[in-house]
Amino acid sequence: MSKPTLLAISGSLRKGSFNRMLLKEAARAFGDAEVVEADLALPLYDGDLEEAEGIPASVQMLASQIKGADAIVISSPEYNKGIPGVLKNALDWVSRVSEPVLKNKPTVVISAAAGRTGGETAQFMVLSCLTQLQVRLLPGPAVLIAAAMNEFDESGALKNVRYKETLSTRMQALRAEIG
Ligand SMILES: Cc1cc2nc3c(=O)[nH]c(=O)nc-3n(C[C@H](O)[C@H](O)[C@H](O)COP(=O)(O)O)c2cc1C
């Protein structure tokens, strides 16, 4: 089989984002793959904009990346005990594309946040939204990186062996899911 394509989606736009670091670790744990990084810097969903101009090119790009992916990993921070707006906005836009590109797509959701729960509430919300979109969500031990500012070394690697192992378990299961 040729290299699988893994789409990495960060719920944080920040360059120095811990969720982006976590996605890099997730991609490493997934193994040899074509890794594509999604860009969620999209216009705000607006029904008037959609009606006047159709689906924006940036959203079409995201939808085609989703369509072309064999598997998806989403890493999200938690904002005020909830899903970050950029991620919800992206899911809302993608749900407006004519083809249900997320349907049955093997997906793992992980999170990193400053607080003690590692973004558990946000992760739960992301999972809930993805259920509505009929994503094939892979269950498993939750990857919740708490106090994320203390958990990555200078190279961006996870320091804690337990976190590494759990992430590896999830990403190997994702790989197995695509055959
Ligand atoms: C608007 C805002 C709200 C936040 N709310 C929470 C929160 O509810 N729980 C939490 O653990 N951290 C919260 N944080 C801290 C983030 O977890 C922290 O900034 C994290 O590093 C963001 O992810 P990133 O590094 O991938 O950008 C919040 C940060 C911002 C900017």
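Visitor: Why is Ser 12 called buried?

Guide: Ser 12 has a relative accessible area of 5%. Buried means under 20% relative accessible area, exposed over 50%, and partly exposed in between, with a 1.4 Å probe and protein chains only. Ser 12, at 5%, is therefore buried. The model is a predicted one, in which local features need pLDDT of at least 70 and side-chain atom pairs count only at pLDDT 80 or more, while totals for chains, interfaces and linings use all residues. Residues are numbered from 1 along each chain as its sequence is written, and side-chain values use heavy atoms, with hydrogens and water left out.

Visitor: Where is Ser 12 found?

Guide: Ser 12 belongs to the loop between strand 1 (5-10) and helix 1 (18-30). Helices (H or I, at least four residues) and strands (E, at least two) are DSSP runs, numbered from the N terminus.

Visitor: What does the side chain of Ser 12 reach, and which residues does Ser 12 touch?

Guide: The side chain of Ser 12 comes to 3.3 Å from the backbone nitrogen of Arg 14. A polar contact is a pair of N or O atoms within 3.5 Å; within protein, one must be able to donate a hydrogen and the other to accept it, and residues adjacent in sequence count only if both atoms are side-chain atoms. Contact in general means heavy atoms within 4.5 Å. With residues up to four places away in sequence not counted, Ser 12 touches Ser 17, Arg 20, Pro 77 and Tyr 79.

Visitor: Which residues come nearest to the ligand?

Guide: There are 13 residues around the ligand, of which Ser 12, Arg 14, Ser 17, Asn 19 and Lys 81 come nearest. A residue is near a molecule or strand if one of its heavy atoms lies within 4 Å of it. A side-chain N or O atom of Ser 12 is 2.7 Å from an oxygen atom of the ligand. For Arg 14, a side-chain N or O atom is likewise 2.7 Å from a ligand oxygen atom. For Ser 17, a polar side-chain atom lies 2.5 Å from an oxygen atom of the ligand.

Visitor: What makes a space a cavity and not a pocket?

Guide: On a 1 Å grid over the protein atoms alone, a cavity is a set of points where a 1.4 Å probe fits but cannot get out, whereas a pocket is an open set with protein on both sides within 12 Å along at least five of seven lines; lining residues have an atom within 4 Å of a point. The structure holds 1 cavity of 30 Å³ or more. The largest cavity has a volume of about 60 Å³. Grid points are joined across faces, edges and corners, and a volume is the space filled by probe spheres set on the points.

Visitor: Which residues line the largest cavity, and how do they divide by class?

Guide: Among those lining the largest cavity are Ile 9, Leu 62, Ile 74 and Leu 91. Helix 4 gives the most to this lining, with 4 residues. The lining residues divide into 10 nonpolar, no polar and no charged. Ala, Val, Leu, Ile, Met, Phe, Trp, Tyr, Cys and Pro count as nonpolar, Asp, Glu, Lys and Arg as charged, and the others, Gly among them, as polar.

Visitor: How do you know that Leu 91 is buried?

Guide: Leu 91, which lies in helix 4, has 9% relative accessibility and therefore counts as buried. Apart from neighbours within four places in sequence, Leu 91 is in contact with Ile 83, Leu 102, Cys 129, Leu 130 and Leu 133.

Visitor: What is the volume of the largest pocket?

Guide: The largest pocket holds about 230 Å³ of space. Of its 19 lining residues, Asn 19, Pro 77, Ala 112, Ala 113 and Ala 114 are the closest to its centre. This lining has 8 nonpolar, 7 polar and 4 charged residues. The second largest pocket holds about 180 Å³, and helix 1 gives the most to its lining, with 4 residues.

Visitor: Is Pro 100 buried or exposed?

Guide: Pro 100 has a relative accessible area of 54% and is therefore exposed. Pro 100 lies in the loop between helix 4 and strand 4 (106-112).
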